[in-house]
Amino acid sequence: MSVLYAVVAASLFGCGLYMVLSRHIVRMVLGLSLLTTAVNLVLFQAGRIRSTQPPIIAEGVEVLGDSADPVPQALVLTAIVIGFALTVILAALALRAWRGDGTLRSDELHSARDLGDPLAPGPDVDH
Amino acid sequence: MTLSRRGRTLITDALAAGLAIWPVVIPLSAAALTLLLRRWPALQRGVMEIAVVAMLVAAALLLVRTRSGGAIVMKFGGWERPYSVTFVADVLSAALCTTAGIVALAVAVFARADVRARRRRAGFDPMFLGMLAAVNGAFLTGDLFNLYVWFELMLVTALGLVTLDRRRAQIDGAIRYAAMSMMGATFMLVGIGLLYGEAGTLDLVHLSVTLAGRAPSVTTSVAAYLLLTGLVLKAGLFPLFFWLPASYHTAPISVSAALAGLLTKVAFYACLRVFVLVFGVGRGVPVVSGLPTLFALLAAATMLVSVLAAIAQVDVRRLLAFHVVGQVAYLMMGLALASRAGSGAAIFYTMHTMLVQTGLFLGAGAIARAGGGYDLRGLGALIREHPRFSALFAVLALSISGVPPLSGFWAKAFVIDAAFRSESPVAVWLVAVAVVTGFLTLYSMSVLWTQAFWRRRTREGHVARPIPPAMVAGVALLAACTLGLGLAIEPAVRLSRDAAAQLRPDAAMPNVGASVDTGRPR
C-alpha cells in the first residue's frame, strides 16, 4: 500500500514538475495544481496508513487504542484549501493576462520586464 | 468586590498570554472591518491607521513583557504542548513584530499621499492589514505547519496588493511571483510532511528535542534540504531570487515598500527558527550535516550577483529590488557562521534592514513624485527644490551602505565581527565577499543619490514638483529609526543577543508562569 502511494505521489510530482516547466501559463497552472495534489498525498502518507478507527477514547478506557492519526488529515484539509485558493488566483491572473496582452505564453509576456528596462532608451534620449 | 489572589493571577496570566495574539488579532479584525467599509475610503483609511498604531503598541508591550518576564506561550484549545497549536512570543518574535509595526506605520503615513480613493476601493486597506496579520502570525507561531499557512496568507495578500491597479506589468509580475512562490511552498510543505512522518510532531521546540535525540536519518536530511529550497526561494536568495526583481517594481510604491521591508525577512526569520532551533545548526552535533557551508555559498553568490545587477539598473525601483536581495544575503551570512554571535548579528541586521529597505522604497516614491518618474536618466538636481528631503534620503542610502553611525554600519560590523570569531572554515572568504559587496553597495547608492539629487538636470527647464508632507513624514520616520538604532546601539545589541540565546530548545521550553490554558476551565 505504501509503495503504491509513493509511486502515485512520485508520478504526480513528475507530471506536475514537467508541466510547470512549460512556457504556457495554463499548463503551468495545471502543473502547480498537480503538485499540490501530490503534496497532499505525501502529507497523508506522513501519518502512516494503518487503522480506520477514529482517534476517540472509548468510555471507561484510559488509553487510546489503535487508531488513525488525525493530524495529517487536518494538514491535508488545510493544504487542499490553500492550494485551491492559490490555483484560483493564478488562473484569474492568467485570464487577466490573456485579456490584457492577448497571449498566454510566458516568453511573450514582457510588460514587467519592459518597465524600467536598463537597455531601453531613456527619457532624455527621445527629447 | 475583591478578587481572590488566585483569580487575579489567573486574569493577569490570561492577559499576558493574550498579549501574544494581539499583534495578529488587531490587523486581522481590522482587515474584516475595512472590507465592510469598502465604499467609504476615508473611513477605511481611518480604521487602517488606528489598527496599525494599535498593532505597534501591542507589539511594543509584548516586547517589554518578554524582556522582563520571559517567553509567553499561548496554547489554542487548551491542549497541552506538543499536541496544541501554540503561539510562542519570545524576544526575537516580539522584536521583529515591533519592527514590522514601525514599518507598517511608516507605510500607512506615506500611503496617505500615495494611495488614493481608487486604490482604497480596490482593497488596499484590507489586504495591507491581512498581510500585516500574516507577517506577525509567522513571527509568533510556534508550529511549523502554522508557519506555512501564514506564508500562504502573506502570498495571497501580497498578490492582491501588487495587482492593485490591474496594469499589464503588474499582472505579468504577479504571475511570475505567484508561480515561483507556489513552487517554494510546495517544497516547504513536502519537507514539513516528511518531518512530521519522521518525528511525529510539528511544534518547533518539540521537533528540536525529538530530532536531537535521534540518529541522523536520510528523511530528516531530505526534509531539511526541501525546507531550505522553499525558504531560499521565499527569502529571495541566489539562485532562486529572480521572481523578486521581476515583480516588486511593478507594484504601487507603498506596496513595494511594504513587501521589500517585510516579506523576505519573514522567510529569513523562518530560516532562523527552522535551522537554528529545529535542526540545531551551530549547537553541538548537527542533525543534518553540510548546511552551514551551503548557507555560506548561497550568501556569497547572492551578495555578488545582486549588487552587480543593481549597478546595471536605471530604474530606481529595480535598483532597490536588487538591493533587497543583496541585504538578505548578509542575514544568511550570519546564519552560515553557525554560532550564537552570528545569529545575534543576523537578528540585528534583520531589524535594521526592515526599516531601511522600506525607507528607501518610500524615498523612491517621493523622488518619482518630485521628478516625474523612476528613470534615473530623466532625474537630476532635486536638491534645488528639496534640500531637506535629499538629506533624509542620503541618511537611508548611507545606512544601507554601512556608514557610521547609522544602524547599517553596526549591522555589517557585527556580522563581520561574528565571522572573525567563528570557527567556520569559510568565514574569511565570506568576510572578503561581504566587504567587496559593501563597497559596491556604497557605489550603487552614491550613483543613485547623485543622479537623482545632485547632478545637472537632463531636461533643463523642468521644475521639480512638491513632495507631499505625508510622504516626507513616512521617510523621515524610518530615517530617524535607523539613526536612533545606530546611536542607541548598546540596548539594541543586548536585545539581539538575548534573542539569539533563546533559539535553543531548553531556553524556549520551560516558560513558567506565563503559560496559560485558554478555553478549558482549570
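**Two packed helices in chain B.** I looked up how helix α8 (residues 168-199) and helix α10 (residues 218-235) of chain B lie against each other, and in this predicted model they pack at an angle of about 155 degrees, with their axes 8 Å apart. Angles over 145 degrees count as roughly antiparallel, and therefore I noted α8(B) and α10(B) as roughly antiparallel to each other. I then looked at the handedness, and found that α8(B) passes α10(B) in a left-handed crossing.

**Helix α7 of chain B.** Next I turned to α7(B), which covers residues 144-162 and so has 19 residues. From its first C-alpha to its last this helix reaches 27 Å, which I noted as close to the 27 Å expected at 1.5 Å a residue.

**Chain A as a whole.** I went on to the secondary structure of chain A, for which I wrote down four helices and zero strands, running α-α-α-α from the N terminus on. The radius of gyration of chain A is 23 Å, well over the 14 Å that the globule rule gives for 127 residues, so I recorded this chain as more spread out than a compact globule. Along its principal axes, the C-alpha trace of chain A spans about 90 × 30 × 25 Å.

**Burial and contacts in chain A.** I finally looked up burial, and 26% of the 127 residues of chain A count as buried. For the contacts in chain A with a separation of 6 or more, I noted that residues 24 or more positions apart account for 52%.

Terms used:
Residues are numbered from 1 along each chain as its sequence is written. Chains are lettered from A and ligands numbered from 1 in the order in which they are written. This is a predicted model: local features need pLDDT of at least 70, side-chain atom pairs count only at pLDDT 80 or more; totals for chains, interfaces and linings use all residues. The radius of gyration is taken over C-alpha atoms; the globule rule is 2.2 Å times the number of residues to the power 0.38. A residue is buried if 20 or more other C-beta atoms lie within 10 Å of its own, exposed if 12 or fewer, and partly exposed in between; C-beta atoms are placed from the backbone. Two residues are in contact if their C-beta atoms, placed from the backbone, lie within 7 Å. The expected span of a helix is 1.5 Å times one less than its number of residues. Axes are lines fitted to C-alpha atoms, for helices over the stretch in contact, and angles run from 0 to 180 degrees between N-to-C directions. Angles under 35 degrees count as roughly parallel, over 145 as roughly antiparallel, 65 to 115 as roughly perpendicular and the rest as oblique. A crossing is left-handed if the near helix is turned anticlockwise from the far one by less than a right angle, and right-handed if clockwise.
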